[in-house]
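Open the model in your viewer and keep the selection panel at hand. The stops below take you through it one selection at a time.

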Amino acid sequence: MQAVDDISGRTLAASSSIEIKKSLKNIYTGNKEAAKAVGEDVAKKLLEKSISAAIFDRGGYVYHGRVKALAEGARDAGLKF
């Protein structure tokens, strides 16, 4: 997942399950738990940059499963959509 500023075209924050694999503690990197952790990580990085709100673009994917878990993780960490 990445957070992009559409106006300037810059990536503000990014994360992946591979990047945070060590903190997942034996969790498979392609499941809902990993997706939620990725959402929390991106939200944490954005909040450190004083960005508290974003628009969630699911890229055409249906809002369920890992996409939903990712969004819920970001919301749980304090990011507003």
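**First stop: the pocket**

Start with helix 2, which gives the largest share of the lining of the largest pocket, 5 residues. Helices (H or I, at least four residues) and strands (E, at least two) are DSSP runs, numbered from the N terminus. This is a predicted model: local features need pLDDT of at least 70, side-chain atom pairs count only at pLDDT 80 or more, and totals for chains, interfaces and linings use all residues. Residues are numbered from 1 along each chain as its sequence is written, and side-chain values use heavy atoms, with hydrogens and water left out.

Stay with the largest pocket. It holds about 770 Å³ of space. A pocket here is an open set of points on a 1 Å grid where a 1.4 Å probe fits, with protein on both sides within 12 Å along at least five of seven lines; lining residues have an atom within 4 Å of a point. Now select Met1, Gln2, Phe56, Asp57 and Leu70: of the 34 lining residues, these are the closest to the centre. Strand 1 (2–5), helix 2 (32–48) and helix 3 (66–76) each give two or more residues to the lining. Colour the lining by type: 20 residues are nonpolar, 9 polar and 5 charged.

**Next: the hairpin**

Select strand 1 and strand 2 (residues 10–14). They run antiparallel, joined by 4 bridges. Pick Gln2; its bridge partner in strand 2 is Ala14. The two strands form a hairpin with 4 residues between them, and Gly9 in the turn has a positive phi of about 75 degrees.

**Then: the salt bridges**

The whole structure has 3 salt bridges, each a side-chain nitrogen of Lys or Arg within 4 Å of a carboxyl oxygen of Asp or Glu.

Select Lys45 and Glu19. Their closest N and O atoms are 2.8 Å apart. Lys45 is in helix 2, while Glu19 sits in the loop between strand 2 and helix 1, 26 residues apart.

Shared partners join Glu19, Asp41 and Lys45 into one network. Asp41 is buried, at 16% relative accessibility (buried is under 20%, exposed over 50%, partly exposed in between, with a 1.4 Å probe and protein chains only).

Move to Lys36 and Asp76, a salt bridge at 3.2 Å. Lys36 lies in helix 2 and Asp76 in helix 3, so the pair ties together parts 40 residues apart in sequence.

Technical notes: Points joined across faces, edges and corners; volume = space filled by probe spheres on them. Nonpolar A, V, L, I, M, F, W, Y, C, P; charged D, E, K, R; others polar. Pairing = 2+ DSSP bridges.
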